Amino acid sequence: MAGNNHSHFQHPYFVLTGIPGLEQEYYWMAFPLGAIYVIALFGNGVIISTIKSEPSLHIPMYYFLCMLAFADMGLTLCTLPSMLGIFWFNYKFIAFDACLVQMYFIHTFSAIESGVLVAMAIDRVVAIWNPLRYSTILTNRVVCKTGMAILSRAVCVVFPVPFLIKRLPFYRSNILSHSFCLHQDVMRLACASTRVNSLYGLIAVIFTKGSDSLSILLSYVFILQTVMALASREGRWKALNTCVSHICAVLIFYVPLIGVSVIHRFGKHLSPLTHALMANAYLLVPPVLNPIVYTVKTKEIRKKIIQIFVQTKITAEG
C-alpha cells in the first residue's frame, strides 16, 4: 500500500539553488545579475525595433537575426523571475506545475535558437554561393515558412517533455541544482525509472541540437570550398567577413551548451558551484553577447542605440 501511495506522489514545489557557497553575497550579486538582464532585454529589443523600422535591413539575413533576438528575449524572460527571486528576495520555491512550464519554455526557446542559427548558416551559403539570385531564392515567403518550421519543430519536439516528467513520482528530495528548471535536473529527482525520459531526451537533442550543429558544420565546409574557389584574395576576405557575426553567435550558443552537457554526463565529481556557473552561462551568455556582436558589426543598430541614449539624455536634462 505504501508503494502504491508513493507511485502518484509529487512534491507541491521544488526548491531552486542559486550559486552554492555564495549565499551571503546574493543581495550584492543581484545588481550585476539585474544589469545582465537589462542588457539582454535592451539589446535584443533594439535589434528587433531597428530591423522593423529600417527599410535597408528588410532582407533575409536580418529577418533571421530578428528571430534570433526573439529567441534570446524568450530565454531571458523564462529565467528572469526565478533568478531574481533567489538573488534579490531569497525566494527559492517554485510550484511543481510552474517548474514544468518554465522547463518547457526554456527548452523550446533553446531549440528555436538552434534552428535559427541553421537558417542563418543557409542564408550565408546562398549569399556567397549565388549572390545574384540571393533575393529570388530567399524570398519573404521562404523566410516566413522557414520561421514557422523552426517554431513548429521546437514546440512539437519539446511538448511531450513536461508530460513525461508529470507521470513520475517525487517523494524524496525536491532540491534542484540550478536557479531554474531543466529537464535533466528535475528528472534526476524522480523516484522511478527514467529510462523513457532519458531516451526521449536523447532523441530530442539529436533531432534538434545534434542535426543543427551538423548542418551548420556542413554549411561552412561548403562556404569555405566556395570562397577558396574565388580568384580574388580581397573577394575571399570580404565573403568570409560576412560570416564573422554568425560564427560568433554559433560559438556563443554551442560552447556553453556542450560544456553543460559534458559536465552533466561526466562531471559528477565536480563541485556544485561549477555545475551552477555552467548552467547559468548556458542560458545567460547568448542573450547578452549576441546583441553586442551584431551591434559591433551593424552600423544601423549602432546608430539606433546612440539615438536612444541621446534622446534619454535630452529628456533627463529637460
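## A guided tour of the predicted model

Select Arg153 to begin: at 18% relative accessibility this residue counts as buried, where buried means under 20% relative accessible area, exposed means over 50%, and partly exposed lies in between, all with a 1.4 Å probe and protein chains only. Before going on, note that this is a predicted model, in which local features need pLDDT of at least 70, side-chain atom pairs count only at pLDDT 80 or more, and totals for chains, interfaces and linings use all residues. Residues are numbered from 1 along each chain as its sequence is written, and side-chain values use heavy atoms, with hydrogens and water left out.

**Salt bridges**

Asp212 lies in helix H9 and Arg153 in helix H6, so the pair ties together parts that are 59 residues apart in sequence. (Helices, H or I with at least four residues, and strands, E with at least two, are DSSP runs numbered from the N terminus.) Asp212 counts as buried, at 4% relative accessibility.

How many salt bridges does a search of the whole structure find? The search finds four, and another of them joins Lys166 to Asp97, with the closest N and O atoms 2.7 Å apart. Lys166 lies in helix H7 (residues 160-166) and Asp97 in helix H4, so this pair ties together parts that are 69 residues apart in sequence. Lys166 counts as partly exposed at 35% relative accessibility, and Asp97 is partly exposed too, with a relative accessible area of 45%.

Now select Asp123 and Arg124, whose side chains meet in a salt bridge of 2.8 Å, N to O. Are these two residues buried or exposed? Asp123 is buried, and so is Arg124.

**The cavity**

Rolling a probe the size of a water molecule over the atoms shows where empty space is left. On a 1 Å grid over the protein atoms alone, a cavity is a set of points where a 1.4 Å probe fits but cannot get out, a pocket is an open set with protein on both sides within 12 Å along at least five of seven lines, and lining residues have an atom within 4 Å of a point. The largest cavity has a volume of about 50 Å³, a volume being the space filled by probe spheres set on the points, which are joined across faces, edges and corners. H4 supplies the largest share of this lining, three residues.

**The pockets**

Next, select Gln184, Val205, Ser261, His264 and Arg265, which of the 37 residues lining the largest pocket lie nearest its centre. The volume of the largest pocket is about 1,200 Å³. Which helix gives the most to its lining? H9 does, with eleven residues. By class, the lining of the largest pocket has 17 nonpolar, 15 polar and five charged residues; here Ala, Val, Leu, Ile, Met, Phe, Trp, Tyr, Cys and Pro count as nonpolar, Asp, Glu, Lys and Arg as charged, and the others, Gly among them, as polar.

For the second largest pocket, which holds about 240 Å³ of space, select its lining residues, including Ser213, Leu217, Tyr220, Val250 and Tyr254. H9 and H11 each supply at least two residues of this lining, and by class the lining has ten nonpolar, one polar and no charged residues.

**The surface and the loops**

Select Tyr13, Tyr27, Trp28, Phe31, Trp88, Phe89, Tyr91 and Phe93, which make a nonpolar surface patch of about 980 Å². Patches are made of residues with over 30% relative accessible area and no salt bridge, with like charges joined within 9 Å and nonpolar side chains (Val, Leu, Ile, Met, Phe, Trp, Tyr) within 5 Å. The largest share of the patch, three residues, comes from H2. Trp88 belongs to helix H3 and counts as partly exposed, at 35% relative accessibility.

Move to Asn90, in the loop between H3 and strand E2 (93-95). Most residues other than glycine have a negative phi. Asn90, although it is not a glycine, has a positive phi of about 55 degrees, and at 52% relative accessibility Asn90 counts as exposed.

Finish at Pro131, found in the loop between helix H4 (96-129) and helix H5 (134-137). Pro131 counts as exposed, at 52% relative accessibility, and its C-alpha atom is separated by 33 Å from that of Leu75, 56 residues apart along the chain.

Definitions and conventions. Accessible areas come from the Shrake-Rupley method with a 1.4 Å probe; for residues, only the protein chains shown count as cover.
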